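Subject: Structure for your review

Dear colleague,

Please find below the structure that I am handing over to you.

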Amino acid sequence: MARHRHAMELPSIGKLDRSAGQLGRQLSRLLREAIQRGELKPGELLPSTRHLASALGVSRGIVLEAFEQLIAEGYLEAQAGAGTRVATALSDARERSVPAAHADEPAAPMRLSTRAEAFAAISKQFAPLPPVPFAVSVPVGPTAPDDVWRRLGNRTRGLRAAAPAGYDDPQGVPALRTAIADYVRRSRSVLCTPEQVIVTTGTQQGLYLSCQVLLDVNDEAWVEDPAYRGITGILESTGHQGRMVRVPVDDSGLDVEDGINMAPHARAAFVTPSHQYPLGMPLSMARRNALLAWARANGAWIVEDDYDSELRYVGHPFPSLQGLAPDRVVYLGTFSKILFPSLRLGYAIVPPPLVPAFCGARVLIDRHSPSAEQHVLAAFIEEGHLDRHIRRVRLVYADRRQHLIATIDRWIPTELAWLQPGDQGMHLVLWLAAGIDDEAVAALARQAGVSVRPVSPMYSSANARPGLVLGLGGYTNEQIEAAVKALAKVLASSARASRAARAS
């Protein structure tokens with residue numbers, strides 16, 4: 001009778017998927033998982049490579065490849081003449097991590113740090129909205145950059161200077177810094193040289209860099225009340241929450257006198273003087289002069305977030321605060337809103353003594369922005385396309401804004417909600433009647449296919465008011481009409497629920 005070799009089997013290994021290829025990697029993974037599950041125990045002798053190859057129906061080279069990989073990872077160990085075993089060191093590691101007397105007890109729950117919990121909360125608040133009315137800055141149709149952007153991209157990437165290469169200057173591509181310096185001088189009365197420009201990924205990064213560079217641990221900082229959640233979130237998550245001074249805003253903007261009474265020796269003031277976010281009013285000239293006088297007298301810095309300054313629908317945009325005090329003001333701007341949010345290019349213009357510090361902080365975050373897109377944007381600005389694009393967007397948004405105001409007046413009763421007055425920007429604020437929960441309304445509106453953000457989280461807890469941010473984008477009049485009608489139903493339902501809750 002012929003003798004047949006008995007092929008050794010390891011049921012815990014499972015089967016290899018020959019159609020998927022890379023059998024050596026598959027075998028490594030299956031053996032690794034069997035060891036992690038405890039089916040192959042520390043010190044246990046594995047079959048020889050020949051026997052295992054025969055059992056699995058593969059070449060011996062595949063088994064050798066898997067064994068060598070797991071030996072390198074520390075799962076297996078081999079000794080000449082003694083075969084290959086599961087590493088005994090794994091037993092020691094298990095004993096240290098799970099005491100034998102408590103091996104069956106559930107592991108202790110993971111505890112997040114306070115900062116991790118703060119970041120998680122911020123992540124929820126900044127979750128992107130669906131690109132439907134009234135998400136801010138959704139560039140479609142006439143508000144999207146035209147084919148010029150694509151043509152410039154093809155052209156500049158064909159040039160050697162715009163081709164991806166090694167690490168670049170953290171300050172940004174010189175051509176773009178020059179274009180930005182010229183653009184803000186013409187359009188915003190900003191006084192600077194290209195050497196003061198630092199290309200960022202947008203205003204949010206500019207705010208983060210400003211906090212890192214300007215503030216020490218115990219320094220106080222003025223922040224508007226209400227304010228952009230991006231700046232309050234930074235201060236809350238970087239250990240400055242207790243030193244953040246929320247200064248009230250009225251029809252003239254930040255109340256400087258209140259700020260001085262609350263924290264006269266603050267190290268910095270974060271402001272949106274051309275278009276207060278989210279309410280929309282500019283900082284009056286008297287308040288600007290008072291703010292600058294305070295900063296000079298106390299050696300403080302002013303961080304000017306020039307939000308939506310290009311989109312003023314009556315008259316000309318207000319000049320920057322930076323132009324009045326270039327030595328005291330850090331000026332922040334972005335192209336992501338006016339062009340398209342995924343561009344992720346903005347700028348910080350800083351007093352010369354701060355340039356090295358901002359560059360150093362930038363290196364530790366992400367070194368520099370993608371260079372190729374910087375070359376495209378530089379050409380877009382230099383050749384006059386940005387100015388033409390802004391004029392076109394301003395006309396489109398002015399028309400959409402007027403239609404949105406008229407539609408709200410028609411469908412939403414003033415006892416439920418009313419609009420904040422304003423004449424510029426990419427959004428409107430819709431105030432809600434007392435007792436209506438704006439965060440609940442925003443959630444219900446999303447279910448109805450409408451994108452809005454609540455205003456109350458932008459306030460300090462003592463001064464919170466319910467309201468909604470309604471963004472202007474490339475939406476048609478028909479889309480705006482349908483969205484306002486849906487929002488009106490949500491508001492009516494929320495008002496009824498609020499009255500019922502108060503009556504019970």
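This is a predicted model: local features need pLDDT of at least 70, side-chain atom pairs count only at pLDDT 80 or more; totals for chains, interfaces and linings use all residues.

A residue is called buried here when its relative accessible area is under 20%.

Strand β12 (residues 427-432) is largely enclosed by the rest of the structure, because six of its six residues are buried. Both of its faces are covered: H427, V429 and W431 are buried on one side, and L428, L430 and L432 on the other. β12 has antiparallel pairings with strand β11 (residues 417-419), through three bridges, and with strand β14 (residues 467-471), through five bridges.

In general, nonpolar side chains tend to be buried together in soluble globular proteins.

What is L339 in contact with, leaving aside its neighbours within four places in sequence? The contacts of L339 are P139, T143, P145, W149, L377, F380, L386 and H389.

The axes of helix α7 (residues 174-188) and helix α13 (residues 371-382) come within 8 Å and cross at roughly 35 degrees, and the crossing is left-handed. From α7, the contact involves A175, L176, A179 and Y183; from α13, it involves Q374, L377, A378, I381 and E382. By class, these residues are seven nonpolar, one polar and one charged.

There is also an open sheet of eight strands with mixed pairing, in the order β3-β10-β9-β8-β7-β4-β5-β6. Its edge strands, β3 (197-200) and β6 (253-254), each pair on one side only. For β3, the pairing with strand β10 (residues 346-349) is antiparallel, over four bridges, and V197 stands opposite I349 of β10.

Helix α8 (residues 203-214) touches β3, β7 (268-271), β8 (301-305) and β9 (329-334), and its direction makes about 160 degrees with that of β9. Helix α11 (residues 285-298) touches β4 (221-225), β5 (244-250), β6, β7, β8 and β9, and its direction makes about 155 degrees with that of β7.

With kind regards

Methods
Residues are numbered from 1 along each chain as its sequence is written. Side-chain values use heavy atoms; hydrogens and water are left out. Contact means heavy atoms within 4.5 Å. Axes are lines fitted to C-alpha atoms, for helices over the stretch in contact, and angles run from 0 to 180 degrees between N-to-C directions. Helices (H or I, at least four residues) and strands (E, at least two) are DSSP runs, numbered from the N terminus. A crossing is left-handed if the near helix is turned anticlockwise from the far one by less than a right angle, and right-handed if clockwise. Ala, Val, Leu, Ile, Met, Phe, Trp, Tyr, Cys and Pro count as nonpolar, Asp, Glu, Lys and Arg as charged, and the others, Gly among them, as polar. Two strands pair if DSSP finds at least two bridges between them. Buried means under 20% relative accessible area, exposed over 50%, partly exposed in between (1.4 Å probe, protein chains only).
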